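Here is a chain to be read alongside a set of questions about the terms used for it. Each reply sets a value against the criterion behind the term.

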Amino acid sequence: MERTVIKIDEERCNGCGKCVSGCHEGALQVVNGKAVVVSDLYCDGLGACIGECPVGAITLEKRKAAPYDEAAVMERLVPKGQAVVLAHLKHLKDHGETEWLRQGLDYLKRRDLYPDLERTGLSPTESRIGAATCTCPGATAREIARPGFRLAVTPQRKSGGQLSALRQFPVQLHLLNPRAGFLKDADLLLAADCTAFACGDFHSRFLSGKTLAIACPKLDGNLPVYVEKLTEMIDIGGIGTLTVLIMEVPCCQGLVRIAMQAREHARRNIPLTITVLSVSGEVIDTKWI
């Protein structure tokens, strides 16, 4: 069957193994100093490993591959312990893969494993174990000190007084029509979900005068559609420039790779700017491509 699976660029791969720990399904191993897919059966095609790769060696491609087998994945994961199994199930839930999640839970029920696991939500288990199993730097709790910051809220100033610079709706990339009229000659800002919350002057500093699309390369599903949609926005929608705004955490680099792939596939060559924010909302890097 033809489906989406990961592809590894051996020339870029440095064999660090970070993608192996990021793939709970066990589809990846480091062999002879390079990451390899040991079996298509274990690759769910959701791309969790992409954000773990520091050199951009992993992408998604659609090709003929053996169907993903949730039972085979569970066979590999159960010996690794409850924490690994729960991290895998939470991964499926976060990406909306309800059928695979059902199959995984059925597998455990038939073998009377982890009977306290609720079939319909995982919420009690997630609150106890699931959050602790995530090793992604983007999920690491950090307290950001802001000395002297105070916000006075009065009945006359309920909104804080700052006007929104949002020029269109919707803003989520999956929901945007790549042929929408407002894209013609637009300066498109492709922003990672977290950026607007990290940067207090997001609207005035980054959004003003731009059309907005937001996405998360770690949690959003069906990432190849993002590449296709951005390519259409360039060639058919007619955007004039593309700015990618991301956080410093590794998983955000997936959004840069999506933009780069769309630009490579497009017939038109448009300016591309990449800006990286620290977790405290400061610009730490900007480059023009």
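**Terms and the values behind them**

Helix H4 is followed by aspartate 112, whose phi is positive, near 55°. The model discussed here is a predicted one.

Q: What makes the phi of aspartate 112 worth a remark, and where does this residue lie?
A: Its phi, near 55°, is a positive value in a residue other than glycine, and aspartate 112 lies in the loop between H4 and H5.

Q: Why is aspartate 112 called exposed?
A: The term exposed requires a relative accessible area over 50%, and aspartate 112 has 59%, so the term applies.

Q: Why is serine 39 called buried?
A: Buried means under 20% relative accessible area, and the value for serine 39 is 17%, so this residue counts as buried.

Q: What does the side chain of serine 39 reach, and how do you know that the pair is a polar contact?
A: The side chain of serine 39 reaches the backbone nitrogen of leucine 41 at 3.1 Å; a polar contact asks for N or O atoms within 3.5 Å, one able to donate a hydrogen and the other to accept it, and the pair is listed as such a contact at 3.1 Å.

Q: How do you know what span to expect of helix H4, and what does the helix reach?
A: The expected span is 1.5 Å times one less than the number of residues; for H4 (residues 98-110), with 13 residues, the expected value is 18 Å, and the helix reaches 18 Å from its first C-alpha to its last. The buried residues of H4 include Trp100, Leu101 and Tyr107.

Q: What span does helix H9 reach, and what covers its buried residues?
A: Helix H9 (residues 253-265) has 13 residues and reaches 19 Å, close to the 18 Å expected. Among its buried residues are Leu255, Val256, Ile258 and Ala259, and what covers the buried residues of H9 includes strand E4 (58-64), helix H8 (223-237) and strand E8 (272-277).

Q: What is the strand order of the open sheet, and why are E6 and E9 said to stand at the edges?
A: The sheet has five strands in the order E6-E5-E7-E8-E9, with mixed pairing. E6 and strand E9 (283-288) each have a single partner strand, so one side of each is left without a neighbour in the sheet. Neighbouring strands of this sheet are turned by 15° against each other on average, direction ignored. H9 packs on the sheet, touching E5, E6, E7 and E8, and its direction makes about 165° with that of E7.

Q: Which residues have the most contacts inside the largest nonpolar core?
A: In this core of 78 residues, they are Leu173, Leu190, Phe202 and Val244, while the largest share of the core, six residues, comes from H8. Leaving aside neighbours within four places in sequence, leucine 190 is in contact with residues including Leu173, Val244, Leu255 and Ala259.

Q: What makes the peptide bond from phenylalanine 169 to proline 170 stand out?
A: This bond is cis, with omega near 5°, and proline 170 is found in the loop between helix H5 (123-133) and E5.

Key
Residues are numbered from 1 along each chain as its sequence is written. This is a predicted model: local features need pLDDT of at least 70, side-chain atom pairs count only at pLDDT 80 or more; totals for chains, interfaces and linings use all residues. Side-chain values use heavy atoms; hydrogens and water are left out. Helices (H or I, at least four residues) and strands (E, at least two) are DSSP runs, numbered from the N terminus. Buried means under 20% relative accessible area, exposed over 50%, partly exposed in between (1.4 Å probe, protein chains only). Contact means heavy atoms within 4.5 Å. Two strands pair if DSSP finds at least two bridges between them. Axes are lines fitted to C-alpha atoms, for helices over the stretch in contact, and angles run from 0 to 180 degrees between N-to-C directions. A nonpolar core is a set of buried Ala, Val, Leu, Ile, Met, Phe, Trp, Tyr and Cys residues joined through side-chain atoms within 4.5 Å.
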